[in-house]
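I opened my notebook to log one chain.

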Amino acid sequence: MPLSPTSQEAREAVALDALSALGQSTRLRIFRRLVAMGPEPVAAGVLAQALGCRQNTLSTHLAILSRAGLIVGVREGRSILYRADFDGMRGLVNYLLEDCCNGRPEVCAPVFDALADRCRCERDGAPAKETCDVA
């Protein structure tokens, strides 16, 4: 998430931006691909080829995901490499689950157990490539 807003309305607006960005199939595929790659950045051209997306269309999608706080672009020479913003992803998931189950953690436990089984994550929160089947 771009910042850590404190008011409920601001936090809701940030979550809505992220969910809106993910509400389009190509952007969802881009984001899932970057999450699967972990902290390793990738060039836009490589993403475009892997997803079968025209480069100018991909650039628009990347900008929307970046503004929503879900990906980060890192300049390397003349190229911009992209990676998932795991802090932004955690912020969105935390927002969605913070009031989960009305204070009854045993009701939410299956969600967390399934997530832990699906993707064993390293201490810094980035998916370990050899144990994460997200793509």
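Leaving aside its neighbours within four places in sequence, which residues is H61 in contact with? I found Q24, T26, R27, I30 and C53 in contact with H61; contact means heavy atoms within 4.5 Å.

**Ground rules.** I am working from a predicted model, where local features need pLDDT of at least 70, side-chain atom pairs count only at pLDDT 80 or more, and totals for chains, interfaces and linings use all residues. Residues are numbered from 1 along each chain as its sequence is written, and side-chain values use heavy atoms, with hydrogens and water left out.

**Overview.** I counted six helices and five strands in the chain. Both are DSSP runs numbered from the N terminus: helices are H or I with at least four residues, strands E with at least two. I read the order from the N terminus as α-α-β-α-α-β-β-α-α-β-β. The chain has 135 residues, and 33% of them count as buried. Buried means under 20% relative accessible area, exposed over 50%, and partly exposed in between (1.4 Å probe, protein chains only). Among contacts between residues at least 6 apart in sequence, 56% join residues at least 24 apart.

**H61.** I placed H61 in helix α4. H61 is buried, at a relative accessible area of 9%. Its side chain makes a polar contact of 3.2 Å with that of R27. A polar contact is a pair of N or O atoms within 3.5 Å; within protein, one must be able to donate a hydrogen and the other to accept it, and residues adjacent in sequence count only if both atoms are side-chain atoms.

**Helix α2.** I then followed R27 into α2, where R27 is among the buried residues, with T26, I30, F31, L34, V35 and A36. This helix covers residues 25-37. Its 13 residues reach 18 Å from first C-alpha to last, close to the 18 Å expected at 1.5 Å a residue; the expected span is 1.5 Å times one less than the number of residues. At the start of α2, a side-chain oxygen of Q24 comes to within 2.8 Å of the backbone nitrogen of T26. Just after α2, G38 has a positive phi of about 70°.

How do α2 and α4 cross? Their axes come within 10 Å and cross at roughly 70°. Axes are lines fitted to C-alpha atoms, for helices over the stretch in contact, and angles run from 0 to 180 degrees between N-to-C directions. The two helices are therefore roughly perpendicular, a label for 65 to 115 degrees. T26, R27, I30 and F31 of α2 make the contact with L58, H61, L62, I64 and L65 of α4. I also checked α3 (residues 44-51) against α4 (residues 55-67): their axes come within 10 Å and cross at roughly 110°. That makes α3 roughly perpendicular to α4 as well. Here A44, G45, L47 and A48 of α3 meet Q55, L58 and L62 of α4.

**Helix α5.** I finished with M89, which is in α5. M89 is partly exposed, at 24% relative accessible area. Not counting residues up to four places away in sequence, M89 touches F31, V35 and L70. R90 also lies in α5, and its side chain makes a 2.5 Å polar contact with that of D87.

Notes: Angles under 35 degrees count as roughly parallel, over 145 as roughly antiparallel, 65 to 115 as roughly perpendicular and the rest as oblique.
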